[in-house]
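Work through the exercises below with the sequence and the model open side by side. Each task is followed by a solution in steps.

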Amino acid sequence: MKKLAVALTFVASPALAAEGPFFSLHNAEFVVTISFIAFLALLVYLRVPGKLMAMLDKRAAGIKADLDEARALREEAQTVLASYERKQKEVQVQAERIVETAKAEAETAAAKAKDDLKVAIARRLAAADDQIESAKAGAVKEVRDRAIAVAVEAARDVIVRQMTEQTSDKLVQDAIGEVRGKLHLH
């Protein structure tokens, strides 16, 4: 009601400045003032201000709900972002561990391969040494066999040249005597 009185004071003040009787239907300002007051009364009677306030309250509630939803979505987005950042850090740490593990395994494999290569080389060197020794022994045996064959041949040639029929008979008689002595056949 106070609002209505304040509104009438501002509206009526120019009308009071007009000439002639103010409260007359011939005064346009009075008619406009009465019409305006009737219009405001009609609006109050139809509860338009309450409906406007209800609509504004409803709209304010909708805006508040939208703001609350936006805040909730923002908080959820921040939570999801923090979760993804944490997961990214975990994945990065895991990737670094995988790289370190792979490097360590590669170094271990390289060292093992190096050791295996050393063992294989040592084995091949030993096998080569064995082959060399075997070839050397075979060559020595072959040279010895050949030397024996040459010596036997040379001895035969010497014996054949030096042997006469008398020497031959004597050697046979000596051999028979030696066999009798060993067999005790007297």
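**Exercise 1.** Does Tyr-45 count as buried or exposed, and at what relative accessibility?

Solution. The model is a predicted one.
Step 1: locate the residue; Tyr-45 is found in helix 2.
Step 2: take its relative accessibility, which is 66%.
Step 3: apply the cut-off, where exposed means over 50%. Tyr-45 therefore counts as exposed, at 66%.
Step 4: look at the surface around it. Tyr-45 forms a nonpolar patch with Leu-42 and Leu-46, and together they have about 350 Å² of accessible area.

**Exercise 2.** Determine where Asn-27 lies and whether it is buried or exposed.

Solution. 
Step 1: Asn-27 belongs to the loop that joins helix 1 (2-15) and helix 2 (28-45).
Step 2: the relative accessible area of Asn-27 is 9%. Buried means under 20%, so Asn-27 is buried.
Step 3: list its contacts, setting aside neighbours within four places in sequence. Asn-27 then touches Pro-21 and Phe-22.

**Exercise 3.** Compare the UniProt annotation over residues 27-46 with the model.

Solution. 
Step 1: the unreviewed UniProt entry annotates residues 27-46 as "transmembrane region".
Step 2: in the model, the chain over residues 27-46 is 90% helix and 0% strand.

**Exercise 4.** Describe the backbone and the exposure of Arg-47.

Solution. 
Step 1: Arg-47 sits in the loop between helix 2 and helix 3 (48-162).
Step 2: its phi is positive, about 60 degrees, although Arg-47 is not a glycine. Most residues other than glycine have a negative phi.
Step 3: Arg-47 has a relative accessibility of 63% and so counts as exposed.

**Exercise 5.** Check the span of helix 4 and identify what follows it.

Solution. 
Step 1: helix 4 covers residues 165-183, which is 19 residues.
Step 2: from first C-alpha to last, helix 4 reaches 27 Å, close to the 27 Å expected at 1.5 Å a residue.
Step 3: His-184 follows helix 4 and has a positive phi, near 65 degrees.

**Exercise 6.** Summarise the protein chain as a whole.

Solution. 
Step 1: the protein chain has four helices and zero strands, in the order α-α-α-α from the N terminus.
Step 2: the protein chain exposes about 16700 Å², and 64% of that is supplied by carbon and sulfur atoms.

How values were computed. Residues are numbered from 1 along each chain as its sequence is written. This is a predicted model: local features need pLDDT of at least 70, side-chain atom pairs count only at pLDDT 80 or more; totals for chains, interfaces and linings use all residues. Side-chain values use heavy atoms; hydrogens and water are left out. Helices (H or I, at least four residues) and strands (E, at least two) are DSSP runs, numbered from the N terminus. Buried means under 20% relative accessible area, exposed over 50%, partly exposed in between (1.4 Å probe, protein chains only). Contact means heavy atoms within 4.5 Å. The expected span of a helix is 1.5 Å times one less than its number of residues. UniProt positions are given in the numbering used here, feature names are shortened, and annotations may be inferred rather than shown by experiment. Patches are made of residues with over 30% relative accessible area and no salt bridge: like charges are joined within 9 Å, nonpolar side chains (Val, Leu, Ile, Met, Phe, Trp, Tyr) within 5 Å. Accessible areas come from the Shrake-Rupley method with a 1.4 Å probe; for residues, only the protein chains shown count as cover. A salt bridge is a side-chain nitrogen of Lys or Arg within 4 Å of a carboxyl oxygen of Asp or Glu.
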